[in-house]
Amino acid sequence: MQNILVTGGAGFIGSNLARFLLTQHPDYTIVVYDKLTYAGNLDNLRDIAKNPRYAFVHGDICDAAAVERAVREHAIDTIINLAAETHVDRSIMDADAFIRTDVYGTYVLLEAAKKFGLRYHQVGTDEVYGWVEEGSSKETDALLPRSPYAASKASADLLIHSYVVTHQVQATITRGANNIGPYQYPEKVVPLFVTNAIDNLPLPLYGDGRQQRDYQFVLDHCEGIDLVLHKGKVGEAYNVGTGREIYNIDMARMVLQMLGKPESLIQYVADRPGHDRRYSLDVNKLRVLGWEPGHTFEQALEQTVQWYVDNEWWWRKLKSGEYVEYYRKQYAERK
Ligand code: NAD
Ligand code: TYD
């Protein structure tokens, strides 16, 4: 492995992963390939932009000719795919781009992997297992997605499986729990709550706030991806998370406490349709490969809150334009 195409590398996890791989592997070249949708942002990669082992290509993963050109021009041997539409609430409003990018886009990348004999890694999600009422999801559990976003990601996982079996594409999948950390677009709950709290704005908590998520630090997730890329068994999926679930209400209270803001900022609003009340991952398969999460939830949240406090230059300009329109559509009528 030498030349890695990180698709979706201008997004939250992709930019953290690009930086992580450059540091971790001094002999690798990292080519970020990204469409720069509302969620893609070159500010996320600003500190590595001048690294001689880094390049950026502006492109859509649905564009087969552009993908092939990038593979040829940069002598790519590995694709790590993070390009996706990623926000559940947006997928409920309009799923079109989710099907296009998350399903068709994955197909285009698999075709490139097949044609050029590339190693392929898919960054997937725990949401493919659906609402887990009891116990924890194992990689062999049925995929029972319940939101258009989760369904599009599950479709990608199934396509990958078919390319492994039928075309011998050398592919692996990681299914990550919710990530938090630097450079997360403020539509996702943690950066949304942190930046609203800084501005003394309400924190819109869906339903009863008793939904549970496994919030992991983004760099722990990146370590898991790196490990599976190098030590994972081709054709297999690996869960990546802390294995500990937190109630949304508790997360909201901790954010407010860390920022010294009053609990009265929490505003209960109408629930998300089809809301998965709980995700829970069994992460033993990854542990066997030698992985342990490096941060507790409290440490991850603390570092995340501090990063948003210190980096207003990054997020304040994002909370204008398209974001304002989205926020109005999503929250104005939500009582
Ligand atoms: P993000 O929304 O921050 O970034 C997505 C990136 O993909 C953006 O840079 C965007 O411009 C790019 N993109 C979108 N459509 C594209 C297209 N057609 N062609 C090329 N680029 C395109 O997402 P994220 O939170 O960083 O998530 C990255 C991946 O990890 C996704 O596949 C997501 O499903 C998965 N994942 C995310 C989480 C999480 O908590 N955020 C958890 C598990 C898995
Ligand atoms: P989110 O960050 O959208 O991630 P997920 O893909 O896991 O749904 O939401 C995380 C949790 O927070 C989820 O249970 C929904 C809840 N939530 C709110 O209560 N209010 C909000 O404004 C948002 C965006 C999410």
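What follows is a chat about the nonpolar cores and salt bridges of a predicted model.

Colleague: Which residues touch the most other members of the largest nonpolar core?

Modeller: Those are Val194, Met251, Phe297 and Leu301, in a core of 36 residues. Several elements supply at least two residues each, including helix 6 (189–198), strand 8 (203–206) and helix 10 (297–310). Helix 8 gives the most, with 7 residues.

Colleague: And what is Val194 in contact with, leaving aside its neighbours within four places in sequence?

Modeller: Val194 is in contact with Val255, Leu259, Val305 and Tyr308. There is also a second, separate core, with 26 residues; Ala83, Ala112, Ala113 and Ile173 are among them.

Colleague: Switching to charges, how many salt bridges are there?

Modeller: The count comes to 24. Arg72 and Glu68 are 4 residues apart in helix 2, so about one helical turn separates them.

Colleague: Is Arg72 buried or exposed?

Modeller: Arg72 counts as exposed because its relative accessibility is 53%, and the cut-off for exposed is over 50%.

Colleague: What about Lys115 and Glu68?

Modeller: Their side chains also meet in a salt bridge, at 3.0 Å from N to O. That pair links distant parts of the chain, with Lys115 in helix 4 and Glu68 in helix 2, 47 residues apart.

Colleague: And how far apart in the chain are Asp89 and Arg272?

Modeller: They are 183 residues apart, Asp89 in helix 3 and Arg272 in the loop between strand 13 and helix 9. Their side chains meet in a salt bridge at 2.8 Å, N to O, and both residues are buried.

Colleague: Which residues do shared partners join into one network?

Modeller: Arg90, Glu187, Lys188 and Glu322, through salt bridges that share partners.

Conventions
Residues are numbered from 1 along each chain as its sequence is written. Chains are lettered from A and ligands numbered from 1 in the order in which they are written. This is a predicted model: local features need pLDDT of at least 70, side-chain atom pairs count only at pLDDT 80 or more; totals for chains, interfaces and linings use all residues. Side-chain values use heavy atoms; hydrogens and water are left out. A nonpolar core is a set of buried Ala, Val, Leu, Ile, Met, Phe, Trp, Tyr and Cys residues joined through side-chain atoms within 4.5 Å. Buried means under 20% relative accessible area, exposed over 50%, partly exposed in between (1.4 Å probe, protein chains only). Contact means heavy atoms within 4.5 Å. A salt bridge is a side-chain nitrogen of Lys or Arg within 4 Å of a carboxyl oxygen of Asp or Glu.
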